[in-house]
Amino acid sequence: MDQGAAVLGLESSCDETAAAVLRADGSILAEAVLSQLAEHSPYGGVVPEIAARAHLDHLPRLVAQVMAEAGLAYRDLAGVAATAGPGLIGGLIVGSSLGKGIALAHGLPFVAVNHLEAHALTATLPGIVAEPVAFPYLLLLLSGGHCQCVAVEGVGRYRRLGTTLDDAVGEAFDKSAKLLGLPWPGGPALERLAATGDAARVPLPRPLLGRAGCDFSWSGLKTAVAHALARSAGTDRDRADIAAAFQASVAVVLADRARHALDMLPATTALVVAGGVAANQGVRAALAGVAAERGLPLVAPPVRLCTDNAVMVAWAGIERLRLGLTDALGHAPRPRWPLEGMAAA
Ligand code: KG4
Ligand code: ZN
């Protein structure tokens, strides 16, 4: 594929509606993300039906907007890439159907992108990190829906080394934040509260610390937060101390799991972190410590590319198109789509 070729990417798997146009050299011509926070916050979580309708309302306009900003007509594109799973089926149908429609109308190749692959390949986007990352690398995917250690060995070649046995780490942040009386989504609010607390005053468990392998388990920690709150007088100081202890426990456990995952992938060139929880400074600092111990770079994309976005979808589409990997217009979106099930290059 010509380095100047442009690809349109669409993301609609959860509660972010996003579109972007990228060139094959990685330059971002236009990007737009619309968060549905306001629509879902009265319910304290993402409501699938509301999400699907919101994608339907907003995605066509975002596509027109990024195409205009990129200064391109549809016929100028080299392809259309849309997230086709895993995620909420309503949103996946909206985004992938719109992508297929554009591809069909303009005779363009279509790429059905695995959302996890898009997170995984963000680290190879030129210009995102100072040093381009080479395969294989260890990816820690830490979001509201996913909590995995993945060996990224090439485009389409992934090995899951560990995963959560219960909640995703972002879910643990959100549920603990709710217990602490913070608004949804709780991660950023809990981080702010934790900054004012003393992590040493309230002992909380450190699930699976030191255990073989690199699986995770967060639901016990959330329950421990509930018990600690019930035992306390519930003052602002108590809440801040519990938030700080929760975040410290997550950071220590993530560092431990990352060490185990690195032992399972000795050839790794970097420790890469992605997903909304990668925005957390305590988590980043703990993982930076592990990377430094091993003499590896810690690669953390800027926050806007760690959380859900369409730049990563367009980039995954470019990587696949480069290898001649396209999908038929009959490709069915998949609510569940493990990375190991990918077509490899
Ligand atoms: O990757 P993401 O935008 O969406 C998916 O879940 O796919 O991640 C959202 C998650 C939420 O659980 C949110 O609370 C968490 O990331 N999060 C954070 C922070 N910012 C977002 N968790 C801890 N600290 C943060 N600063
Ligand atoms: Zn995501």
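Of the 16 residues around ligand 1, which come nearest? They are Gly-144, Asp-174, Glu-191, Gly-276 and Asn-280. Please keep in mind that this is a predicted model.

**Around ligand 1**

- The shell around ligand 1 is made up of 9 polar, 4 nonpolar and 3 charged residues.
- Two helices, α5 (169–179) and α6 (186–194), each contribute at least two residues to this shell.
- A polar backbone atom of Gly-144 sits 2.7 Å from an oxygen atom of ligand 1.

**Asn-280, one of the residues nearest ligand 1**

- Asn-280, which is among the residues that come nearest to ligand 1, is located in the loop between β9 (271–274) and α9 (281–293).
- Is Asn-280 buried or exposed? Its relative accessibility is 4%, so Asn-280 counts as buried.
- Setting aside residues up to four places away in sequence, Asn-280 touches Phe-173, Glu-191 and Gln-247.
- With Gln-247 there is a polar contact between the two side chains, at 3.1 Å.
- Glu-191, another residue that Asn-280 touches, is itself listed among those nearest ligand 1.

**The zinc site**

- Which protein atoms are the donors of the zinc ion (ligand 2)? They are NE2 of His-115, NE2 of His-119 and OD of Asp-308, at 2.1 to 2.2 Å from the ion.
- Along the chain, these donors follow the spacing H-x3-H-x188-D.
- His-115 and Asp-308 link distant parts of the chain, being 193 residues apart.
- His-115 belongs to helix α4 (residues 115–121), while Asp-308 is in the loop between α10 (303–306) and α11 (311–322).
- Both His-115 and Asp-308 are buried.

**Ala-245 in its helix**

- Ala-245 is part of helix α8 (residues 236–264).
- Ala-245 counts as buried because its relative accessibility is 3%, below the 20% cut-off.
- Apart from neighbours within four places in sequence, Ala-245 is in contact with Ala-199, Val-202 and Leu-204.
- From C-alpha to C-alpha, Ala-245 and Ala-328 are 49 Å apart in space, and 83 residues separate their positions in sequence.

**Backbone details to look for**

- Gly-85 and Pro-86 are joined by a cis peptide bond, with omega of about -15°.
- Pro-86 lies in the loop between β4 (77–85) and α3 (89–106).
- Another cis peptide bond runs from Phe-135 to Pro-136, and here omega is near -5°.
- You can find Pro-136 in the loop between α4 and β6 (137–142).
- Leu-208 has a positive phi, near 70°, although this residue is not glycine.
- Leu-208 is placed in the loop between α6 and α7 (219–231).
- With a relative accessible area of 15%, Leu-208 is buried.

Definitions and conventions:
Residues numbered from 1 in each chain as written. Chains lettered and ligands numbered in written order. Predicted model: local features only at pLDDT ≥ 70, side-chain atom pairs only at ≥ 80, totals over all residues. Heavy atoms only, no water. Donors = N, O, S within 2.8 Å, 3.2 Å for Na, K, Ca; no water. Helix = DSSP H or I, 4+ residues; strand = E, 2+ residues; numbered from the N terminus. Buried < 20%, exposed > 50% of the residue type's maximum accessible area, 1.4 Å probe, protein only. Near = heavy atom within 4 Å. Polar contact = N/O pair within 3.5 Å; in protein donor to acceptor, adjacent residues only side chain to side chain. Nonpolar A, V, L, I, M, F, W, Y, C, P; charged D, E, K, R; others polar. Contact = heavy atoms within 4.5 Å.
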